[in-house]
Amino acid sequence: MRQAIHTLLLETKGRGLVEFTHQVLRWLASEKFSAGLLTIYCRHTSASLLIQENADPDVQTDMQNYFERLAPESDVYIHSAEGPDDMPAHLRAALTQTSLSIPIMDGRPALGTWQGIYLFEHRARPHRREIVLHAIGE
Amino acid sequence: MRQAIHTLLLETKGRGLVEFTHQVLRWLASEKFSAGLLTIYCRHTSASLLIQENADPDVQTDMQNYFERLAPESDVYIHSAEGPDDMPAHLRAALTQTSLSIPIMDGRPALGTWQGIYLFEHRARPHRREIVLHAIGE
Amino acid sequence: MRQAIHTLLLETKGRGLVEFTHQVLRWLASEKFSAGLLTIYCRHTSASLLIQENADPDVQTDMQNYFERLAPESDVYIHSAEGPDDMPAHLRAALTQTSLSIPIMDGRPALGTWQGIYLFEHRARPHRREIVLHAIGE
């Protein structure tokens, strides 16, 4: 049994979903685990993780629009010093995921046919985001 | 230290919560881990996982009704080719869990007294869903 | 490769966020893992886990107010025998996390600069909550 850790840096263009399945698959392939557990961790509180359909890009647009309605900038928040998009960003992050765990089977994460791994950027401006990947297994 | 992986197939009857705590306990018991980490992974983007109270079935009805209000079919979505229940299904999956991690203590997952493990089916029609179980420990 | 498990007891004062980053760091330091995976598990269905900003306490107030609006006591629920705050507590728990997984790097959980680990109490009255910590690595 062994483990491996890696930090990915992802550049976002402001609000929206950024798929990074490919980077995860590439790193995991280089580490040559045949079976194990992959953990993906987002080191931020105004961006988050999501596993969603990657077949139709409209799903991502609907997803983003939905979370903008669910935790709108137009609500009144006490925490507003960092701009009107900051507190809604924390709320949207709280409603989605900071960490994801995916079993590794046959050398690959056990993603379903239509599943992609996304970083969900909730701030209006572009950011550089740090994602930590951890794998344990053999 | 060792690990084990298993795929469960669950048949759903359309929208609603399906408890599968028993199947998880049975598999884990057969693998004879005394301590470790159990991960449960849903290979779908229109069904998800949830740990919730299993004492009163009304909780499950309220839960389902709530998510139908929170991400309603009546909203306007761009992604609608797969039917009016498809995009709300993705949203409800995004708001709940794709993966769950539970420590294993004394040979069992460390579930609280009232906790059950549920598959949350978000599509209107019955589906066959694949859940991957991974355990690591000793 | 080795593992360690520990149960934390946290006293809450009713609805609100209780930061317990410090207790997690202290336990993990005592176990002396240099690299690995930390899992945090909440054994309840009316309290949950959240990683959020710990710099400005206003974020926690806004967070709590938001979830009180999102799953309000004023809605009509079938499950009401345990009081008007019980079903909203289950819903707020379903919308946040029961488990969190954080890679361990350089002997510490890979938390971002502003990330704190919170127990989110959803019941109106004070409760004693059990959180299970699991670490695996070397």
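Analyst: Happy to. In chain B, five strands make an open sheet in the order E1-E8-E3-E5-E6, with antiparallel pairing. Strands pair if DSSP finds at least two bridges between them; helices (H or I, at least four residues) and strands (E, at least two) are DSSP runs numbered from the N terminus. The edge strands are E1 (2-11) and E6 (108-109) of chain B, each pairing on one side only.

This is a predicted model, in which local features need pLDDT of at least 70, side-chain atom pairs count only at pLDDT 80 or more, and totals for chains, interfaces and linings use all residues. Residues are numbered from 1 along each chain as its sequence is written, while chains are lettered from A and ligands numbered from 1 in the order in which they are written.

User: How many bridges join E1(B) and strand E8 of chain B?

Analyst: Ten, in the antiparallel sense, with E8(B) covering residues 128-137. One pair to look up is B:Glu11 with its bridge partner B:Arg128 in E8(B). Helix H1 (residues 21-31) of chain B packs on the sheet, touching E1, E3 (36-42), E5 (99-105), E6 and E8 of chain B, and its direction makes about 35° with that of E8(B). Axes here are lines fitted to C-alpha atoms, for helices over the stretch in contact, with angles from 0 to 180 degrees between N-to-C directions.

User: Why do the copies meet through different surfaces?

Analyst: Only 14% of the interface residues of chain A are also interface residues in chain B, so the surfaces that meet are different. For contacts, the C-beta atoms of two residues, placed from the backbone, lie within 7 Å. Nonpolar means Ala, Val, Leu, Ile, Met, Phe, Trp, Tyr, Cys and Pro; charged means Asp, Glu, Lys and Arg; the others, Gly among them, are polar.

User: Which element gives the largest share of the side of chain A that touches chain C?

Analyst: The contact takes 23 residues from chain A and 29 from chain C. H3(A) gives the largest share of the chain A side, five residues.

User: How do I read the packing of H3(A) and helix H2 of chain C?

Analyst: Two packed helices are described by the angle between their axes and the distance between the axes. The axes of H3(A) and H2(C) (residues 57-70) come within 10 Å and cross at roughly 60°. The two helices are therefore oblique to each other; angles under 35 degrees count as roughly parallel, over 145 as roughly antiparallel, 65 to 115 as roughly perpendicular and the rest as oblique. A:Met87, A:His90, A:Leu91 and A:Ala94 in H3(A) meet C:Val59, C:Asp62, C:Met63 and C:Tyr66 in H2(C). These residues divide into six nonpolar, one polar and one charged.
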